[in-house]
Amino acid sequence: MNDSPGWATPGSAPSDGQEAAIPRPSEPKDTGAPTGQWSPEQPPPGQWSPPSNPGSGPGTRPPASGWGGGPQHPGWAPKPPAAKPGVIPLRPLGLGEILDGSVSALRAHWRTALGFSLAVSMVVQIAVVLMQRYLLPKPTAVDPNATGTEALRQASESLRTTLLSLAPISLLTMIATLFTASIVTVVISRSVLGRPVTLSDAWAEARPRILPLAGLTLLVPLITAAVMAVGIGPGLLVGEEAGVALALLGFIAACVVIIWLQVSFTLAAPALMLERQSIVSALRRSAKLVRGAWWRTFGILALTYLLVFLLSFLVSIPFSIIGVIADGTDISEFFESGGASFGWPFLIVTGIGEVIVSTLLYPFVAGVMALLYVDQRIRREALDLDLARAAGLPGHDTDTARS
């Protein structure tokens, strides 16, 4: 799509060959009066009244509200509101409109988006519970009274066990997010136009892009890990105190670069899904759309993830408390055993809480990403004109747009 919609601006120069069609002011008539003096043909005095003010006449003072009570000229009329065929108005969006648009789309198509997200979340959470119970290593018990080498050894073993436990869970969560984002992106694209969408329609459109989206989902963490390795690697190789300081500086620099890349690549998934871009092209496309609006995109993402964290916390805490009570395990035993003493009641209850969080929040985040993509294309490429034509709005047909 071109960076300019191609519409002529008001007051622009006429095209070649159209000079004769432009009305010109008539030449002044020769009244016989000397140049620079009033014409002898003057209107009778006292018969002029201000236009567009009924009831006014000579000596009548216009009301004070006449200057601000309404438009005094057709060109001063207020700008009409933007067309809204779907969940968002077809114009650059504000923060509240992006968040509200995501919620409105999910509410309007809850059977498609939330139903699919619920099914995926249940399957993933059942797999996570079974892995936690039978496959994953038990958390390492940490002695709070340990000191010196023993404390360092226990901390290292606890960290290794935690990483081994988080790796498969993170993989399953990534798969759930992948499938949910693919469906929700299609739902958002239809909701913007005000069109209905069924789960079969959304899946048929999203299915060919699942593998490229999976590649993109794997590539971004690999880029993040590579940046972190480059940042802290030299410090780890040096060792001793100088190496620790160098590793700390490298870690801070790597975090800055990673945050910049994550924000720059945040629109890659919608571009890959809706524009049928390749993985590398989608990354470049996202960086181009975010360029010049990095801080705005960062602020919207930060607020979105803050809302997700708060809602997750508010939902998870009650289920964790209920799970502890249902399990009948003392909290002190939990901390002494590193969580290994909890059984099926705790895992099932907390798993239900995770299903609720995943069902509601994963589609919401995917919807915000898709609407951010639409907003940036409206701002940079006048996508609102194409969306209005696609929605069949009056005055936005192809022939009118080309004229």
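A salt bridge here is a side-chain nitrogen of Lys or Arg within 4 Å of a carboxyl oxygen of Asp or Glu. The close-ups below come from a predicted model, which holds nine salt bridges.

**View 1. Glutamate 205 and arginine 190 pair up in a salt bridge.** The closest N and O atoms of the two residues are 3.0 Å apart. This pair links distant parts of the chain, with glutamate 205 in helix α4 (residues 199-206) and arginine 190 in helix α3 (residues 148-192), 15 residues apart. Glutamate 205 is partly exposed, at 23% relative accessibility, and arginine 190 is partly exposed too, at 22%.

**View 2. Arginine 285 forms salt bridges with glutamate 275 and with glutamate 381.** For glutamate 275, the closest N and O atoms are 3.0 Å apart. Arginine 285 sits in helix α8 (residues 279-290) and glutamate 275 in the loop between α7 and α8, so this contact ties together parts ten residues apart in sequence. For glutamate 381, the N to O distance is 2.8 Å; this partner lies in helix α11, 96 residues from arginine 285. Shared partners join Glu275, Arg285, Arg377 and Glu381 into one network. Within this group, arginine 285 is buried at 12% relative accessible area, glutamate 381 is buried at 4%, and glutamate 275 is partly exposed at 22%.

**View 3. Helix α11 covers residues 344-381.** Its 38 residues should span 56 Å at 1.5 Å a residue, and the end C-alpha atoms, 54 Å apart, agree with that. Look for a kink of about 25 degrees centred on serine 358. Because 28 of the 38 residues are buried, α11 is largely enclosed by the rest of the structure. Just after the helix, alanine 382 takes a positive phi of about 55 degrees.

Notes: Residues are numbered from 1 along each chain as its sequence is written. This is a predicted model: local features need pLDDT of at least 70, side-chain atom pairs count only at pLDDT 80 or more; totals for chains, interfaces and linings use all residues. Side-chain values use heavy atoms; hydrogens and water are left out. Helices (H or I, at least four residues) and strands (E, at least two) are DSSP runs, numbered from the N terminus. The expected span of a helix is 1.5 Å times one less than its number of residues. The bend at a residue is the angle between axes fitted to the seven residues ending there and the seven starting there. Buried means under 20% relative accessible area, exposed over 50%, partly exposed in between (1.4 Å probe, protein chains only).
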